[in-house]
Amino acid sequence: MNKPIVFFGELLLRLTAPDNSLLMQEPRLNLHVGGAEANVAIGLAHLGHSCRMVSRLPDNALGRGALATVRSHGVDCSDVDLAPGRMGLYFLEVGAGLRASQIVYDRAGSSFAECAADAFDWDSLLDGTGLLHLSGITPALGPGMADHTLAAARAAKRLGVPVSFDGNYRAMLWEAWDSDPKTILSELIGSADILFGNHRDLSLVLGRDFSGDGEDRRREAAEAGFAAFPSLKLIASTARHVLTANHHRIAARVDCPGDSHQTADVEVTGIVDRIGAGDAFAAGVLHGWLNGGDAKAMAESGLALTCLKHSLPGDASLFGQADIDAFMAGGLDVRR
């Protein structure tokens with residue numbers, strides 16, 4: 001596909017306590033640029049796809065620096081506006097052993113979250129687009145951003161632009177306002193062709209419990225999703241078993257109405273940074289989809305990128321096709 005992929009969401013600064021320390025334990029924090037949708041855009045740009053970000057940043061050193069970082073990875077940022085306001089932040093305390101990682105958000109009232117009702121002309125922004133990628137984080141920011149996300153999905157549907165949607169349920173964001181996540185997420189999933197979500201996401205929107213215990217039950221949840229949302233052509237998810245903060249077991253799954261594939265589990269040890277691993281998975285699956293791959297190919301490229309992302313500091317996957325090929329080949333010796 002040569003048409004550009006459009007990504008709508010907030011760019012954030014991530015401030016991380018160094019060396020597995022607690023927040024405020026050390027007199028410094030490491031800085032990375034992130035944001036769920038931007039992470040997918042960067043991952044796909046490194047795989048050779050044309051990606052364009054739609055967002056808004058504060059017109060100050062923080063906003064301009066974040067913009068330059070995303071642009072440096074090959075993402076078209078011509079539709080990222082600079083305006084008055086503040087930068088969205090989040091703080092990360094990286095866990096170790098039996099201590100889990102923790103996140104503190106500081107993004108309320110950001111220049112993106114405070115966008116005016118007429119900030120985005122979606123008919124113009126989606127003109128000539130091959131795919132629109134959205135996530136459930138953006139509508140969770142408040143009623144205004146919920147309206148913007150729904151408007152983007154409705155415009156894409158009207159214009160015949162396929163929609164990729166990552167559920168990315170963030171309870172802390174939804175619970176910060178008088179929200180109705182079930183109704184909002186149901187409409188967004190109903191507008192989507194591709195859903196990144198598991199049995200828990202489908203349980204939320206369908207109002208019934210599904211189990212993720214085993215391939216048959218995961219398939220049952222997917223089939224219920226296809227029945228409830230006829231526009232869906234693909235549901236992709238990972239199954240993660242956390243043994244310690246540094247040792248996870250991960251499998252990837254892709255379901256289509258007439259086909260499905262679940263990979264074998266991979267032991268991921270020595271984890272450097274798991275943040276953004278779901279976005280890397282989405283980039284890998286979309287890479288396979290854009291290249292015409294079947295369920296098996298999409299699941300395997302998604303698994304490769306999500307596993308590789310655990311080895312890399314920062315929010316986004318920076319790997320290319322050669323890295324995916326090397327992962328699939330299984331060689332862990334030094335590549336010379």
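Does Cys115 count as buried or exposed?

Modeller: This is a predicted model, and what follows should be read with that in mind. Cys115 counts as buried, because its relative accessibility is 10% and the cut-off for buried is under 20%. As for pairing, the structure holds 0 disulfides, and Cys115 is accordingly in no disulfide, the nearest cysteine sulfur being that of Cys77, 15 Å away. A disulfide would require two cysteine sulfur atoms within 2.5 Å. Another cysteine, Cys307, has a relative accessibility of 7% and therefore also counts as buried.

His133 is found in strand E8, which covers residues 131-135, and with a relative accessibility of 1% His133 counts as buried. When neighbours within four places in sequence are left aside, the contacts of His133 include Val6, Phe7 and Phe8, together with Glu37 and Val40; Ser164, Asp166, Phe196 and Leu286 are also in contact with His133.

Two packed helices are described by the angle between their axes and the distance between the axes. Helix H4, residues 143-159, packs with helix H6, residues 181-190, at an angle of about 20 degrees, and their axes are 10 Å apart. That angle makes H4 roughly parallel to H6, since angles under 35 degrees count as roughly parallel. H4 passes H6 in a left-handed crossing, in which Ala146, Thr149, Leu150, Ala153, Arg154 and Lys157 of H4 meet Ile184, Glu187, Leu188 and Gly190 of H6. Divided by class, the residues of this contact of H4 with H6 are 5 nonpolar, 2 polar and 3 charged.

Helix H7, residues 199-206, and helix H8, residues 215-228, pack at an angle of about 40 degrees, with their axes 10 Å apart, and H7 and H8 are therefore oblique to each other. H7 passes H8 in a left-handed crossing. On the H7 side the contact is made by His199, Leu202 and Leu206, while H8 contributes Arg218, Ala221, Ala222, Ala224, Gly225 and Ala228. By class, the contact of H7 with H8 has 6 nonpolar, 2 polar and 1 charged residues.

Conventions
Residues are numbered from 1 along each chain as its sequence is written. This is a predicted model: local features need pLDDT of at least 70, side-chain atom pairs count only at pLDDT 80 or more; totals for chains, interfaces and linings use all residues. Side-chain values use heavy atoms; hydrogens and water are left out. Axes are lines fitted to C-alpha atoms, for helices over the stretch in contact, and angles run from 0 to 180 degrees between N-to-C directions. Helices (H or I, at least four residues) and strands (E, at least two) are DSSP runs, numbered from the N terminus. Angles under 35 degrees count as roughly parallel, over 145 as roughly antiparallel, 65 to 115 as roughly perpendicular and the rest as oblique. A crossing is left-handed if the near helix is turned anticlockwise from the far one by less than a right angle, and right-handed if clockwise. Contact means heavy atoms within 4.5 Å. Ala, Val, Leu, Ile, Met, Phe, Trp, Tyr, Cys and Pro count as nonpolar, Asp, Glu, Lys and Arg as charged, and the others, Gly among them, as polar. Buried means under 20% relative accessible area, exposed over 50%, partly exposed in between (1.4 Å probe, protein chains only).
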